[in-house]
Amino acid sequence: MSQFSRFHFNMSKIKTVIWPEVILFGDSITQGSFQPNGWGADIAHKLARKCDVLNRGLSGYNSRWGKILLPRLFSSTNSEENNIAAVTVFFGSNDCALQDKNPQQHVPLQEYSENLKEITRFLASVGVSADRIIFITPPPINESAWEKECIVKGSTLNRHNSVAGQYAQACVQAASQCGADVLDLWTLMQKDGQDYTAFLSDGLHLSQEGNQFVSQHLWELLESRVAHLPFILPYWGDVDAKSPESNLLCDQ
């Protein structure tokens, strides 16, 4: 006799546990966020047994390509189950590449702003309201360090910190116009003239210190969006050792 028949559980009445989702959408800085000590991994650790944190980072992508991909990454099914707790949208470091040096990744400033707004509108169309969206601006660029990386790859410096700042400002403005929240890394990392270069591993991507910085400041914005979510499935000490099915197979 099987365990389930022995305890007379009707399998047709057992509900699948659905974890709420926090979706991290962006470029390589998001893709790499699940590395050891990465900001995405830290957020996932904080939300264990509360949310699935999904990494939808795409190295080298810009907001134009991200916008095009949206229908393949988000569906109305998730929203109908109301299980998307938050979405981070983290583009700009590739968009701000200089057009004459890196035309493949470059996206004009005005188009970048419009792409962010279109991403918000699409998410709204599948049930993800603006109050569940957090924009993240590109971080600052350490030009001297990034230039060395460019030279190794056979090119010249293809990004400027001042230009990244223009895209960061556009991101902040788009968030305000859409009613979304925003984490302005470009400004925060340079606040009060602090040395931001320690936040970057190669002049463009985040170092361990930079990952910690993003995790800390993102959590300040994210926590209120997930604080109401319950701990999923019973605490082990609450499971009835003689009849665990009574706890584990029934809604609590």
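Mentor: Fine, we can go from the overall layout to helix packing, cysteines and a few loop residues. Bear in mind that this is a predicted model.

Trainee: How many helices and strands are in the chain?

Mentor: The chain has 11 helices and five strands. Along the principal axes, its C-alpha atoms fill a box of roughly 70 × 35 × 35 Å.

Trainee: And what share of the residues counts as buried?

Mentor: 46% of the 252 residues. As for contacts between residues at least 6 apart in sequence, 76% of them join residues at least 24 apart.

Trainee: Helix packing next. At what angle do H6 and H8 pack?

Mentor: About 35 degrees, with the axes 9 Å apart. H6 covers residues 109-125 and H8 covers residues 161-178.

Trainee: Is that crossing left-handed or right-handed?

Mentor: The crossing of H6 and H8 is right-handed.

Trainee: Which residues meet there?

Mentor: From H6, Leu109, Tyr112, Ser113, Leu116, Lys117 and Thr120. On the H8 side they meet Gln166, Tyr167, Ala170, Cys171, Ala174, Gln177 and Cys178. By class, the contact of H6 with H8 has eight nonpolar residues, four polar and one charged.

Trainee: Now H3. Which of its residues are buried?

Mentor: Trp39, Gly40 and Ile43, in a helix that runs over residues 39-46. Seen down the axis of H3, these buried residues fall within an arc of 100 degrees, so they line one face of the helix.

Trainee: What do the buried residues of H3 pack against?

Mentor: Two groups of elements. The strands are E1 (21-26), E2 (52-57) and E3 (84-90). The helices are H2 (28-31) and H10 (208-226).

Trainee: Is Cys150 buried or exposed?

Mentor: Buried, with a relative accessible area of 2%. Cys51 is buried as well, at 6%. The cut-off for buried is under 20%.

Trainee: On to backbone angles. Which residues other than glycine have a positive phi?

Mentor: Asp192 and Leu233 are among them. Phi of Asp192 is about 55 degrees, and phi of Leu233 is near 70 degrees.

Trainee: Where is Asp192, and how much of it is accessible?

Mentor: Asp192 is in the loop between helix H9 (185-188) and H10. Its relative accessible area is 74%, so Asp192 counts as exposed.

Trainee: And Leu233?

Mentor: Leu233 is in the loop between H10 and helix H11 (245-248). At 41% relative accessibility, Leu233 is partly exposed.

Trainee: One more, Gly127. Where does it sit?

Mentor: Gly127 is in the loop between H6 and strand E4 (133-136). Gly127 is partly exposed, with a relative accessible area of 32%.

Trainee: How far apart are Gly127 and Asp192?

Mentor: They are 65 residues apart in sequence. In space, Gly127 and Asp192 are 39 Å apart, C-alpha to C-alpha.

Methods. Residues numbered from 1 in each chain as written. Predicted model: local features only at pLDDT ≥ 70, side-chain atom pairs only at ≥ 80, totals over all residues. Heavy atoms only, no water. Axes fitted to C-alpha atoms, helices over the stretch in contact; angles between N-to-C directions. Helix = DSSP H or I, 4+ residues; strand = E, 2+ residues; numbered from the N terminus. Left-handed = near helix turned anticlockwise from the far one by under 90°. Contact = heavy atoms within 4.5 Å. Nonpolar A, V, L, I, M, F, W, Y, C, P; charged D, E, K, R; others polar. Buried < 20%, exposed > 50% of the residue type's maximum accessible area, 1.4 Å probe, protein only. Arc of directions from axis to C-beta.
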